[in-house]
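Here is a short tour to read alongside the sequence and the 3D view. Keep both open and follow the points in any order you like.

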Amino acid sequence: MSGYQARHRVVVLALDGLLPFELGIPQRIFGRARNADGQNLYEVVTCSIRPPGPVDTDADFAVLVENGPEALATADTVVVPSSYELGPVFDEGVLTDELAAALAHIRPGTRLVSICTGGYVLAAAGHLDGRPATTHWYHAEHFQRLFPKIKVDADVLFVDDGDVLTSAGVAAGIDLCIHLVRRDHGSAVANDVARRTVVPPHRDGGQAQYIQRPVPEPQVATTTAARAWALGRLHEPIQLRDMAEQESMSVRTFTRRFREEAGISPGQWLTQQRVGLARHLLESTDLSMDQVAHDAGFGTAQSMRQHLQAALGVTPTTYRRTFRSGTLAVGGGS
């Protein structure tokens, strides 16, 4: 189909304390989307909640924003990146009068998108009530406590709930914007944008692979020696009775005490430790998958694959490729 077609207008809301990287994501992704004739498919503009002027960032510079909040009334999609100066929005879950007045410009039916803690703004405005949503894993528990009506999923990179979409921290905003391009214009356009931006068109797994999950030591521990004993021989088969013997307990008593202290069963804890060791070996060594599986106590590469897929949402190969950036040959190589 030829002829002029109005471009989808994306308005990015720049708040004080914004992260410059996140502010640039919508322009970088939507601004690179073109149709077969090379025409831009989106128009991206930036606005603030005040008249045109400088907006502070979390860096050592400000950005000059040339549009005030009235630009929100022209948006087909509004994107709210994160900020480190959300004030009562973050602390109490309520909008400031200035922010509420700005958001009032948004027309009903406008698609709403947040990146990282930008979700707090959408939540405080009531747009996420009763909906699934996500935010940066570090703030997920706080987000859920502050907004109990939201169904928070801390494990995913983004949540698409139709007209309202939320993403996890920082780079997950890239994943979400590419997803929107794919949803709006198909895989060919999205893949072209990803290729131009030198990012994967689809990233495997969720936030779980980026979270360190050490098991906290209990205040009064009675299974500490058993855990220390097990950690020294993760590569060996470990039976529950072997761990119980380290504390001179029956299996039943040991299992109950272990759950009280660690919050999970001994078997689940062993799996977590083995997954953690496998992650370390995949990141820091060139060992084969079979050797990593053996050293981490999984026995076979297939068993390790199943456990990492279940725990992290990615395969061992994908995990190593993601986290060996210090040794990977960027842009090619064997």
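Two strands count as paired if DSSP finds at least two bridges between them. With that in mind, β3 (residues 53–56) and β4 pair in the antiparallel sense over four bridges. Please remember that this is a predicted model.

**The β3–β4 hairpin**

- Strands β3 and β4 form a hairpin, with five residues between them.
- If you want a landmark for the pairing, Gly 53 stands opposite Val 65 in β4.
- Side chains alternate along β4, which covers residues 62–65.

**Nonpolar cores**

- The largest nonpolar core has 30 residues, and the members that touch the most other members are Val 10, Ile 29, Phe 30, Ala 33, Tyr 42 and Val 181.
- Two or more residues of this core come from each of β1 (8–13), α1 (20–30), β2 (42–47), β4, α6 (172–185) and α7. Helix α6 gives the most, with six residues.
- A second, separate core holds 29 residues, including Ala 75, Ala 123, Ala 124 and Phe 143.

**Aromatic rings**

- How many aromatic pairs does a search of the whole structure find? There are eight.
- One of them joins Trp 137 and Tyr 138 edge-to-face, at 5.9 Å centre to centre with 75° between the planes. Trp 137 is partly exposed, because its relative accessible area is 31%, and Tyr 138 counts as exposed at 59% relative accessibility.
- Another edge-to-face pair is Phe 258 with Trp 269, at 5.7 Å centre to centre and 70° between the planes. This pair links distant parts of the chain, with Phe 258 in helix α10 and Trp 269 in helix α11 (residues 266–284), 11 residues apart.
- Are Phe 258 and Trp 269 buried or exposed? Both are buried.
- Phe 258 also has a charged neighbour: Arg 227 lies over the face of its ring, at 5.7 Å from the ring centre.
- Phe 90, Tyr 120, Phe 143 and Phe 147 form one aromatic cluster. Phe 143 from this cluster is also among the members of the second core.

**Two loop residues with positive phi**

- As background, most residues other than glycine have a negative phi.
- Val 198 is not a glycine, yet it has a positive phi of about 60°. You will find Val 198 in the loop between α7 (187–197) and α8 (224–231).
- Is Val 198 buried or exposed? Val 198 counts as exposed, because its relative accessibility is 72% and the cut-off for exposed is over 50%.
- Ser 248 has a positive phi of about 55°, although it is not a glycine either. Its place is in the loop between α9 (240–246) and α10 (251–262).
- Ser 248 has a relative accessible area of 72%, so it is exposed.

Conventions:
Residues are numbered from 1 along each chain as its sequence is written. This is a predicted model: local features need pLDDT of at least 70, side-chain atom pairs count only at pLDDT 80 or more; totals for chains, interfaces and linings use all residues. Side-chain values use heavy atoms; hydrogens and water are left out. Buried means under 20% relative accessible area, exposed over 50%, partly exposed in between (1.4 Å probe, protein chains only). A nonpolar core is a set of buried Ala, Val, Leu, Ile, Met, Phe, Trp, Tyr and Cys residues joined through side-chain atoms within 4.5 Å. Rings of Phe, Tyr and Trp (its six-membered ring) pair if their centres lie within 6.5 Å; planes under 30 degrees apart count as stacked, over 60 as edge-to-face and the rest as tilted. A charge sits over a ring if NZ of Lys or CZ of Arg is within 6 Å of the ring centre and within 35 degrees of the ring normal.
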